[in-house]
Amino acid sequence: MPSSRKPSRTTAASPVRPLDAAKLRWNCPAAALPFTSTREVVPLRTIVGQDRAIEAIRLGARIKSQGYNIYTSGVVGTGRMTTIRTVLDEICTEDVELHDFAYVHNFRQPDAPVLLRFHKGLGRVFQRMMDDAMQFLARRIPQLFEEDSFQSSRKVLIEGFQEGEKTMLESFDKKIRPAGFVLGSLQDEDGTSKTEIFPIIDGKPVQIEQLEELLQQGTLTLDAAKSIRTAYDTLKEELVGISRQSVRHMVDFRRKLAEHDQGAVQLLINTAFEAIRQSFPRDRAIEFLNGVTKHILENLDELIKLIHSRAASAGAEEAASEEALRQFFAKYSVNVVLDNYDSKSAPVIIETNPTYQSLFGTIERKYDMRGFYVTDFTQIKAGSILRADGGYIILNALDVLSDPTIWNALKKVMLYGRLEIQNLDAQFQLNTIKPEWINLNVKIILLGDPGIYLALWGADEDFHKMFKVHAEFDSETSLSDDMIGHYAGFFALLATEEGLLHCDKSGAAALIEWAVEFTESQEKITLQFSYVADVMREASFYAKQAGKKLIGRKHVHQAIEQRHRRGNRADEEIRQQIRKGTLLIDTAGSRVGQINGLTVYSTGIVSFGKPARITAAVSAGTSGIINIEREVEMSGAIHNKGVLILYGLLRSMFSRSQPMSFTASIAFEQSYGGIDGDSASAAEIIALLSAIANIPVRQDLAITGSINQKGDIQPIGGLNEKITGFFEVCKDRGLTGTQGVVLPVQNVTDLMLRDEIIDAVKKKQFSLYPVARIEEAVELMLAMPAGIVGKDGHFPDGTVYAKVQHNLSVLHQASSKAS
């Protein structure tokens, strides 16, 4: 019975035409390289392609306000370090204000060294002037104590004191003689002598303790002994009073003697410090000089002892005395921890191996004679952060973040603008010191990837306060004649600086084509110059081996091939498994529910593509589409998303006028590792449609591309590797002329295929089919019209979609009965 429905179109669009060979690769035009060799080209000495990053770095480097540190993100090889150095070299001479920092002894609180800050270069001057002054004093003070004039005036004081003591005792002695007593010296058991009163008995002085003995001998009567004892006690009290007066005289004498010595030394100190005081009239320097003066004068007795000890010693003792004298003057030294005497511009410090000590400084320790750790202000050492004061320090983000102590300390510097030099284990150490903190003006530049930047922005609430400038480096830029010219200049620079061979026109063109191929786009060229430089270095090596004077296209291709060969062990193993039939891939015939997808593998420097068999099986049920990889936890999130999109696409196409119930499973066969990405979703939907409609899929074609819920084919990455991988399998089995790859139309401008594949396309042995819609891919892969839905919601007979629609209805009925 004839159908009453109005016939619908069966074909989604005009047949897809294979690509012309001219579209499979971009070739550098000869006119863009107006030279015979790069010797004729001016070397490139400017940064190109990174205008946005350069503007950001200049902004951050010039703004002096707090928080304008710079985070530079980008992939390796984009020249971040070179760009940063170039920009900073321009800026670091602008309005430079540098300082010197020094630590000196704190005479009030010895465990808290005092910080002195000087204008650039004056720290060393102050240190040298103090050293000269101390050397002068160390030499002149001993000489002073040996000068006749000094000794004479000192002798006058001493003799005056001695004469006063003698007069006082003689007067007392004269007073007591009429009473039968006399003064004399008595030696104690410890050898010290003291003045004592002796009664005179029978013309001889005797000790008061002998009275009892004389009484027993009958030499004295009891009354006489009592009289002598009474008189003795009275006179003894007077002698004690004289002794007290003598002590007061002694104290006064010592004060006068100290004033005499200090006055003489004070004149020397004033002379030594006069020039320093005039050169450094600032409060802190003057305060330090006053502290030194006071400390020397207060410890003059110790100094005199050391001077006398050195004068009286010889040999090893003399050396020890000399060291003791040196240690006495060491506390008056100046420890310049940052010296910018020779600096002409703001410092740019690159810290390649940061540790806490190398960044923030340290306080060194040494053992004393007792075996204990000791330290003082002279052991304070600066780190890179302090050396970068007034300038910039460049750090790798991973290096900084790998040690939490570094990151936390660096945050304090950026948030508060101050540095505290302290050891990490200071809290567990005795005899430690706490130097005064330093106000800093340093710009931190971190190098990292965008992922670290975003992670820190989200996880650290202070990050946005510390890094207000983000300099993003591009990994590629638009291909233009200017960039081609810049690359030629880059080749000239590399040859000049590294002694490589220059490139002829063909060699330069081949290197530029590789730089374009690296971006996976005919419209872009990479800015990862370091990778291109590596290829040129290797090409130069092969050219030299061949005895050539210039790098040609042949040498560049050899370098690229050898580079691939060095990393293609896995590629060769998989290829061999396909040849043997261990890894099942069909390149001829057709089969229901089976399709050739394309995957990319990476071994680091080398990436390669290989076909992968994807299968689908369908039955009645209500489970929908089962992603086998997901069930066994071998599927990534993006791949899972792609499979879920397939179900949405099927509903939008076939479930508007009828319900849809079925169970289907999709799997990457012989896949024993993880699967991720959605570039196989177009292959998966076609395999699923084939399984539902029971229409075989062509095995001489492979397909790559992702798909959305509206049936649009979307672009993917790794296209050149994927096409190459399937081509190699077809070539190993023999090219038939029907084999080829279906690819997203948006990826056509990404094609940079090998000459071998282009030649096969020219000979019509291999084809590439660009598609924009799923219907185009279906018609190519299933060799049958896809079908366009009519106004009644049905597809015309004899189309893929009609069979799919019919079989879905059958599956739904079966599923309903089963439930």
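1. Buried means under 20% relative accessible area, and by that criterion strand E16 (residues 443-448) of this predicted model has six of its six residues buried. The burial extends to both faces of E16, with Lys443, Ile445 and Leu447 covered on one side and Ile444, Leu446 and Gly448 on the other.

2. Strand E16 pairs in the parallel sense with strand E1 (residues 70-73) over four bridges, and also in the parallel sense with strand E13 (residues 392-396) over five bridges. Leucine 446 takes part in both pairings, being the bridge partner of tyrosine 71 and standing opposite leucine 395.

3. Across the whole structure there are 33 aromatic pairs, and one of them joins phenylalanine 118 to phenylalanine 280 in an edge-to-face arrangement, 5.6 Å centre to centre with 85° between the planes. This pair links distant parts of the chain, since phenylalanine 118 lies in strand E3 (residues 114-119) and phenylalanine 280 in the loop between helix H6 (222-279) and helix H7 (283-298), 162 residues apart. Phenylalanine 118 is buried because its relative accessibility is 4%, and phenylalanine 280 is likewise buried at 6%.

4. Tyrosine 487 and phenylalanine 491 form a tilted pair, 5.8 Å centre to centre and with 50° between the planes; both lie in helix H16 (residues 481-498), four residues apart, which is about one turn of the helix. Tyrosine 487 counts as buried at 0% relative accessibility, as does phenylalanine 491 at 0%.

5. Ring pairs also connect Phe107, Phe118, Phe126, Phe280, Phe288, Phe328, Phe329 and Tyr332 into a cluster. Lysine 331 lies over the face of phenylalanine 328, at 5.4 Å from the ring centre, while the charged end of arginine 418 sits over the ring of tryptophan 437, 3.9 Å from its centre.

Methods. Residues numbered from 1 in each chain as written. Predicted model: local features only at pLDDT ≥ 70, side-chain atom pairs only at ≥ 80, totals over all residues. Heavy atoms only, no water. Buried < 20%, exposed > 50% of the residue type's maximum accessible area, 1.4 Å probe, protein only. Helix = DSSP H or I, 4+ residues; strand = E, 2+ residues; numbered from the N terminus. Pairing = 2+ DSSP bridges. Phe/Tyr/Trp six-rings, centres within 6.5 Å; stacked < 30°, edge-to-face > 60°. Lys NZ or Arg CZ within 6 Å of the ring centre and 35° of its normal.
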